[in-house]
Amino acid sequence: MSSAPIRSPTLRPHRMKKDESFLGKLGGTLARKKKAKEVSDLQEEGKNAINAPMNPSAVDIHPEDTLLEENEERTMIDPNSKEDPKFKELIKVLIDWINDVLVEERIIVKQLEEDLYDGQVLQKLLEKLADRKLNVAEVTQSEIGQKQKLQTVLEAVHDLLRPHGWTIKWNVDSIHGKNLISILHLLVALAMHFRAPIRLPEHVSVQVVVVRVSMNFDKNFIRTTILHYSDFISVFILIFFFPVKPERDAFDTLFDHAPDKLSVVKKSLITFVNKHLNKLNLEVTELETQFADGVYLVLLMGLLEDYFVPLHNFYLTPESFDQKVHNVSFAFELMQDGGLKKPKARPEDVVNLDLKSTLRVLYNLFTKYKNVE
């Protein structure tokens, strides 16, 4: 005989009294409204979570980035772009390059924005690359002093780059404001201009958002800061390291496949140039170093074409990188005046002791003037 199941006692709701107070009713109404608001907020939070990846305001804003004047703008990089492998590689390659160039100065760069914004490292870098001394204060702590130094350094950079068609994508305010995009544009331009012995990644771009600050005052004159965001914008920092891949020639083959014959070629060219330079009591033993300042190239052209080159047209004792580039460029002009095609090598390559470029230039002279006494 089975026993009847035990029933749970029925819980009866407490019957509301007819004389329930007004405050009690009001409390119930407020509770229901609070519950509805919590549901609404939860739905809105869920919707924002879904849309956040597409919303520029999802950019992580550093407090310093909002310390702007009214209507002032600041460009910030999307955090996801900073994690892009090519972007990270570009930064690493540039940092390593700077540290290699400045190793004798005992300067170690760890973070581009923090270490380059005041102009101190940029000054040392440019002085080393261009082999010239800038007339600036060595150490400046004030913002005005730092910007004055930056102005001098950037003017020197612009004097170098503008004649070669570079578009200037930075200024004193952007560099001093630690704008990483501007700093990268500047460093890439310097690396390419001075033919840095590094391999930069190709097709590097980042997503940026422009933030503008405006102020709003309520009726009690309390100021509220409002941030306005633009849509994400793609900014290319670097497309190609070498815009055009040069055609291979006999010297590429010689260096790659017959390095044992290189000494024979160098010996022949040394014999050729000394045959003429000896007339001025000059002698060459190292092709890549002794032609790097352009002086011997200019003098050699005068001897080959049988004319005197006025000394005011070139630097007889060049000291800076610019002066050496001027000399080599002037020698190239003399070659073209003599009927030769424009050399494939860049003047900067010869100045930077690129042996292959120097050999190309001298071999062209040898081909045309080998029978000149």
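Tutor: A residue is called buried when its relative accessible area is under 20%. In this predicted model, buried residues make up 40% of the 373 residues in the chain.

Student: How many helices and strands are there in the chain?

Tutor: The chain has 15 helices and 4 strands. Its accessible surface comes to about 23,900 Å², and 53% of that belongs to carbon and sulfur atoms.

Student: Among contacts between residues at least 6 apart in sequence, what share joins residues at least 24 apart?

Tutor: That share is 63%.

Student: Let us take H12. How many of its 11 residues are buried?

Tutor: H12 is mostly covered, with 10 of its 11 residues buried. Among them are Val295, Tyr296, Met301 and Leu304.

Student: What covers the buried residues of H12?

Tutor: The cover includes helix H10 (262-277), helix H11 (287-290), H13 and H15.

Student: Changing topic: how many aromatic pairs does the count come to?

Tutor: The count comes to 4 aromatic pairs. In one of them, phenylalanine 272 and phenylalanine 366 have ring centres 5.5 Å apart and planes at 85 degrees, so the pair is edge-to-face. This pair links distant parts of the chain, since phenylalanine 272 lies in helix H10 and phenylalanine 366 in helix H15, 94 residues apart.

Student: Is phenylalanine 272 buried or exposed? And what does phenylalanine 366 count as?

Tutor: Phenylalanine 272 counts as buried, at 5% relative accessibility. Phenylalanine 366, at 26%, counts as partly exposed.

Student: Which residues do ring pairs link into a cluster?

Tutor: Ring pairs link Phe272, Tyr363 and Phe366 into a cluster.

Student: Staying with H15, is serine 357 buried or exposed?

Tutor: Serine 357, which is in helix H15 (residues 355-369), has a relative accessible area of 5% and is therefore buried. A polar contact of 2.6 Å joins its side chain to that of aspartate 354.

Student: Leaving aside neighbours within four places in sequence, which residues is serine 357 in contact with?

Tutor: With those neighbours set aside, serine 357 is in contact with Ala345, Asp349 and Val350.

Student: With which side chain does the side chain of lysine 149 make a polar contact?

Tutor: The partner is the side chain of glutamine 123, at 3.1 Å. Not counting residues up to four places away in sequence, lysine 149 also touches others, including Asp118, Gly119, Glu138 and Thr140.

Student: How far apart are the C-alpha atoms of lysine 149 and alanine 137?

Tutor: Those C-alpha atoms are separated by 7.1 Å, and the two residues are 12 apart along the chain. Ala137 is also among the residues that lysine 149 touches.

Methods: Residues numbered from 1 in each chain as written. Predicted model: local features only at pLDDT ≥ 70, side-chain atom pairs only at ≥ 80, totals over all residues. Heavy atoms only, no water. Helix = DSSP H or I, 4+ residues; strand = E, 2+ residues; numbered from the N terminus. Buried < 20%, exposed > 50% of the residue type's maximum accessible area, 1.4 Å probe, protein only. Polar contact = N/O pair within 3.5 Å; in protein donor to acceptor, adjacent residues only side chain to side chain. Contact = heavy atoms within 4.5 Å. Areas by Shrake-Rupley, 256 points an atom, 1.4 Å probe, with all protein chains shown as cover. Phe/Tyr/Trp six-rings, centres within 6.5 Å; stacked < 30°, edge-to-face > 60°.
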